[in-house]
Structure formats: structure tokens, C-alpha cells
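My entries follow in the order I made them.

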Amino acid sequence: MSLIRQAIDYLLYRARAFKLHGVHSPFVFDLYHQVILHDGTYYAFPRVEAIRQELLADTTTIAVTDFGAGSKKLNYSTRKVADIARTSLKPAKYGQLLFRLVNHFQPKVVFELGTSLGITTAYLAEAAKNARVYTFEGCPNIAKMAAQNFESLQLQNITQITGNLDETLQSQLQHIPQLDFAFLDGNHRYEPTMRYFEQCLAKAHEHSVFVVDDIYWSAEMKRAWQEIKKHPQVGQTVDLYFVGLVFFRTKQPKEHFTLKF
Ligand SMILES: C[S@@+](CC[C@H](N)C(=O)[O-])C[C@H]1O[C@@H](n2cnc3c(N)ncnc32)[C@H](O)[C@@H]1O
């Protein structure tokens, strides 16, 4: 998508976005106030960011297998670790938002679709030490680097699943009773995003939380986000522009919020 289109989408988001006074749902009001906008720091933040800095300085080249958006079949290429760290990872602001969401909701089972080098995984795992974080990555060399990062941070509550999500997601879902928290951040195209969303939905419950990444990244992702909002099982959504939050609370009205973040 062109930079001009992205700039227009962002300005439209800013024009739509409410501040606190525009939110009538007590659930979303409290979430916004206490979790989304919370600006305190946690012990985990500098630990995870120190690993990001190491990755950003790492000029090693690795062979990368790309299963994601833009590739109809597998693409093999070599990339510097530093370049992957610069372009593929969620910035600290969003990793720390995910940390706060997990810290607040204390899910037991967390799925992350798209590990990359494991920075966001580390935030998810640090936020709920009693949770099991299942993180999915297609590229074995990238997954290996993520494993080293989990070891450096001594994170023991992460299970890595390596392979194409088209094959690994459904089989892993069969092994869990329910899915409490999901971060959908792999393969940013319409069809796989909707398919993975539906697969995860089959294990969702009243208090599950899904976070969909890059909801304005392309026309396909914008379409996927609109469909997720309309889905009959979806209750409340919060559009924060770079991510969308999805809730399934049946005792509250179906509502969609666009909030400044
Ligand atoms: C945007 S990155 C994930 C970033 C990570 N969640 C973070 O915030 O640090 C997306 C990752 O998903 C992986 N991916 C994309 N499509 C995939 C697929 N079909 N199966 C498995 N992994 C896939 C890519 O290899 C890439 O590493």
C-alpha cells in the first residue's frame, strides 16, 4: 500500500479516535485507563529491550525462509539479523502494551502467530509466568535465534512450534482446552488472517482476548479487520491503529471503539 494511502488512513484514524470521555462501556473505559494508557515501567521492559539492542547491532547474515505476506510460494533469501530486528519486530510501545494486556488478564494459554526473533514473545511470557506461551514461526533459522533469546532471558514458559502455520496451527489447537489470548502477527494477507482467526475462534471463550496486528497495513488487512468486527461471535473491538483488540463478551453490547494510542 502506498505511503500516501497509509498517511490518509492514519489521519482518518486520528480524526475518529476518542479520548476517555467518548467511551461509554465501563469495561473498555477501565481497560483504556488502567491498561492501554498505563505508562509505568516493569522489571521485564529493560531486560527485553536490551536483547532488542543486541539484535539491532547484530550484522550476522542468516538464510531466511519466507512464508508470509507477498509470497505465494516459499522464498529463500539471506538477511542480516539487524535488518530483521529493524523491520519485523513490534516496537517497544506495542510489545509493552501486549505485556500489560497479558499482565492484566492473566491468561493461561497464549498463542503468538509469528515469533520472528522473539521480542514480543518475551514480553508475553514475562507478563504471565504461569501461562504457557505457544509461539509459531515458519523459518527455522529465525526460530533458532528466538530460542537463544528465550534462553538469555531464562524464560521457561515458552513452547516454540516451527513450520508453516497452515499446518501447525490447527494441530496445536487440538492439544489445548481453550485459548485465552492470541496475538495474530504472521502472514498479513486476508485469506490466511481470516482462516487463522476462525481456527483460533473455535477455542475462544467469553473472556478470551485476541490482538490482530497491522490492521491498516494493506487493503487485505483492512478488509480482514472489517470482517472480524462484523463477525457474529465478536463482541467488542478496540482499534488502536497499529493493532486491533478483539473481545467476546456476550453480556455487554457489541461495540467498536477507535481509541488514541
Ligand atoms: C511480523 S513478524 C512477527 C513479529 C513478532 N511477533 C514480534 O512482534 O516481534 C512475522 C513472522 O511470521 C512468520 N510467518 C509469516 N507467515 C508464516 C506462516 N505461514 N507460517 C509460519 N510463520 C509465518 C515470518 O517468518 C515472520 O518471522
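Entry 1. I looked up the crossover first: β6, helix α9 (residues 190-201) and β7 make a right-handed β-α-β unit. Right-handed is used here when, with the strands pointing away from the viewer, the path from the first strand over the helix to the second runs clockwise. Helices (H or I, at least four residues) and strands (E, at least two) are DSSP runs, numbered from the N terminus.

Entry 2. I noted where the model comes from. It is predicted: local features need pLDDT of at least 70, side-chain atom pairs count only at pLDDT 80 or more, and totals for chains, interfaces and linings use all residues. Residues are numbered from 1 along each chain as its sequence is written.

Entry 3. I checked the neighbours of β7. Strand β6 (residues 181-184) runs parallel to β7 and is joined to it by four bridges; F183 stands opposite V211. Strand β9 (residues 243-247) runs antiparallel to β7, with five bridges, and there L245 is the bridge partner of V211. Two strands count as paired if DSSP finds at least two bridges between them.

Entry 4. Is β7 buried or exposed? Five of the five residues of β7 (residues 209-213) are buried, so the strand is largely enclosed by the rest of the structure. A residue is buried if 20 or more other C-beta atoms (placed from the backbone) lie within 10 Å of its own, exposed if 12 or fewer, and partly exposed in between. In a regular strand the side chains alternate between the two faces of the sheet. In β7, V209, V211 and D213 cover one side, F210 and V212 the other, and all are buried.

Entry 5. I then traced the whole sheet. It is open and has eight strands in the order β5-β4-β3-β6-β7-β9-β8-β10, with mixed pairing. β5 (158-162) and β10 (255-258) are at the edges with a single partner strand each, so one side of each has no neighbour in the sheet.

Entry 6. I looked at another pair in it. Strand β3 (residues 109-113) and strand β4 (residues 132-137) run parallel and are joined by five bridges, with E112 opposite T135 in β4.

Entry 7. Last, I looked up a helix and a loop. Helix α6 (residues 119-127) is mostly covered, nine of its nine residues being buried; E126 is one of them. Y43 is in the loop between α2 (26-36) and α3 (44-56). Y43 counts as exposed because it has 7 C-beta neighbours inside 10 Å. Y43 and E126 are 83 residues apart in sequence, and their C-alpha atoms are 9.3 Å apart in space.
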